[in-house]
Amino acid sequence: MNFIDKPINTASSQQAPVAGQKVVNLALQGGGSHGAFTWGVLDRLLEEERLSFEGISASSAGSINAVVLAHGLAAGGREEARNAMRLFWKRMSEITSHGVLQQSWIDKMNGKFGLEHSPGYLFMDALMYFTSPHLYNPLNHNPVRNVLEEIVDFDRLRRQPVIKLFLCATNVRTGKVKVFKSEEISANHVLASTCLPLLMHSVEVDGEVYWDGGFAGSPVIFPLVYECETRDIVMVHLTPAERPEIPTASHAIMNRMQEISFNSALIREMRAVAFVTKLIDEGRLADGKRMLIHVIEAEDVIRELPGSSRLNNDWDFLCHLHEVGRARAGKWLAANFDHLGKESTVDLEAKYF
């Protein structure tokens with residue numbers, strides 16, 4: 001399937017909602033292969049003709065889904081976007097199917113989609129402790145770049161008026177979040193947003209070096225507040241904020257450290273949104289923009305998976321997450337569509353305080 005030769009679909013790019021249609025912004029978290037859950041969510045939302053999208057803020061794997069979605073919308077509308085996302089995840093599975101990160105028979109037997117007993121994973125895990133990707137991957141091979149450049153026409157993406165994109169990356173030198181916008185995005189910007197520094201080379205953009213956006217914003221919300229008209233934000237939340245068990249094994253400790261790091265910036269922003277909302281409701285901030293927050297949850301799903309499953313691109317696993325994501329999105333639409341434009345459907349005080 002070739003998306004490159006198709007013109008921009010200007011008829012579908014005006015984003016003027018039809019009668020009964022509601023407009024939302026999307027906030028997409030990352031999580032490696034767990035982003036296939038988000039693929040499923042977006043796949044289902046694109047089927048909902050009563051819904052359209054103004055902007056997407058995303059980090060890490062969320063940025064990949066956002067870019068492929070926007071590319072597909074510009075190329076041919078909703079069906080093209082659905083096809084493009086499926087093609088991306090299928091090609092990622094195919095291109096990595098002969099790599100070292102494959103499940104062992106023990107991993108397949110326990111049915112949790114992890115790689116804990118994979119010789120390749122154990123070897124890579126040891127390398128990460130004692131060296132860096134600049135040494136064990138000197139040629140900077142990155143299959144994500146290959147698949148993105150195969151599927152996405154970035155020149156058209158930068159010109160498309162379909163949807164506003166805000167991709168988050170973390171400036172290595174300053175530790176601050178950097179937001180890349182639609183008109184500047186290339187494959188390099190997406191890689192900057194997805195760069196896990198123990199696995200990938202840091203990415204240079206305009207003289208600055210970047211790591212994964214999840215470290216500074218997972219994803220950031222403020223571009224959707226200040227640069228979009230719609231007040232509704234639908235977040236696809238992948239990273240577990242809470243875990244009942246205390247990790248003791250090194251893999252579990254590292255996994256929990258990453259989860260806490262990736263959720264911390266988001267929690268701070270959500271607390272700020274809750275605080276401003278309270279001021280508006282109390283009449284103490286007359287000119288404030290009251291944001292309406294909605295969440296499609298994957299925390300309980302991801303909590304049951306080992307951290308190593310983030311690196312598992314087995315097609316059966318990706319399809320499993322896709323189907324769970326579709327089901328969750330369908331359930332969320334049935335319960336919450338009528339609340340869009342009227343009120344938040346998540347209790348920010350209870351969830352983030």
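User: Which residues line the largest cavity?
Analyst: This is a predicted model in which local features need pLDDT of at least 70 and side-chain atom pairs count only at pLDDT 80 or more, while totals for chains, interfaces and linings use all residues. Residues are numbered from 1 along each chain as its sequence is written, and side-chain values use heavy atoms, without hydrogens and water. A cavity is a set of points on a 1 Å grid over the protein atoms alone where a 1.4 Å probe fits but cannot get out, and lining residues have an atom within 4 Å of a point. The lining consists of Gly30, Gly31, His34, Leu238, Thr239, Pro240, Gln258, Glu259, Phe262, Ile302 and Arg310.

User: What volume does the largest cavity have?
Analyst: The count comes to 1 cavity of 30 Å³ or more. With volume taken as the space filled by probe spheres set on the grid points, the largest cavity comes to about 80 Å³.

User: Which helix gives the largest share of the lining of the largest cavity?
Analyst: By class, the lining has 4 nonpolar, 5 polar and 2 charged residues (Ala, Val, Leu, Ile, Met, Phe, Trp, Tyr, Cys and Pro are nonpolar; Asp, Glu, Lys and Arg charged; the others, Gly among them, polar). Helices are DSSP runs (H or I, at least four residues) numbered from the N terminus. The largest share, 3 residues, belongs to residues 250-281, helix H11.

User: How are H1 and H13 oriented to each other?
Analyst: The axes of H1 (residues 35-47) and H13 (residues 315-336) lie 6 Å apart at an angle of about 45° (lines fitted to C-alpha atoms over the stretch in contact, with angles from 0 to 180 degrees between N-to-C directions). Angles under 35 degrees count as roughly parallel, over 145 as roughly antiparallel, 65 to 115 as roughly perpendicular and the rest as oblique. The arrangement of H1 and H13 is therefore oblique.

User: Which residues of H3 meet H13?
Analyst: The axes of H3 and H13 come within 9 Å and cross at roughly 150°, so H3 is roughly antiparallel to H13. Their contact (heavy atoms within 4.5 Å) comprises 3 nonpolar, 1 polar and 4 charged residues. From H13 come Trp315, Leu318 and Arg326. On the H3 side stand Arg82, Arg86, Trp89, Lys90 and Ser93.

User: How many nonpolar residues has the contact of H2 with H3?
Analyst: At roughly 140°, with axes within 7 Å, H2 is oblique to H3. H2 contributes residues including Ile64, Val68 and Leu69, and H3 residues including Met85, Phe88 and Trp89. Beside 4 polar and 2 charged residues, the nonpolar ones number 10.

How values were computed
On a 1 Å grid over the protein atoms alone, a cavity is a set of points where a 1.4 Å probe fits but cannot get out, and a pocket is an open set with protein on both sides within 12 Å along at least five of seven lines; lining residues have an atom within 4 Å of a point. Helices (H or I, at least four residues) and strands (E, at least two) are DSSP runs, numbered from the N terminus.
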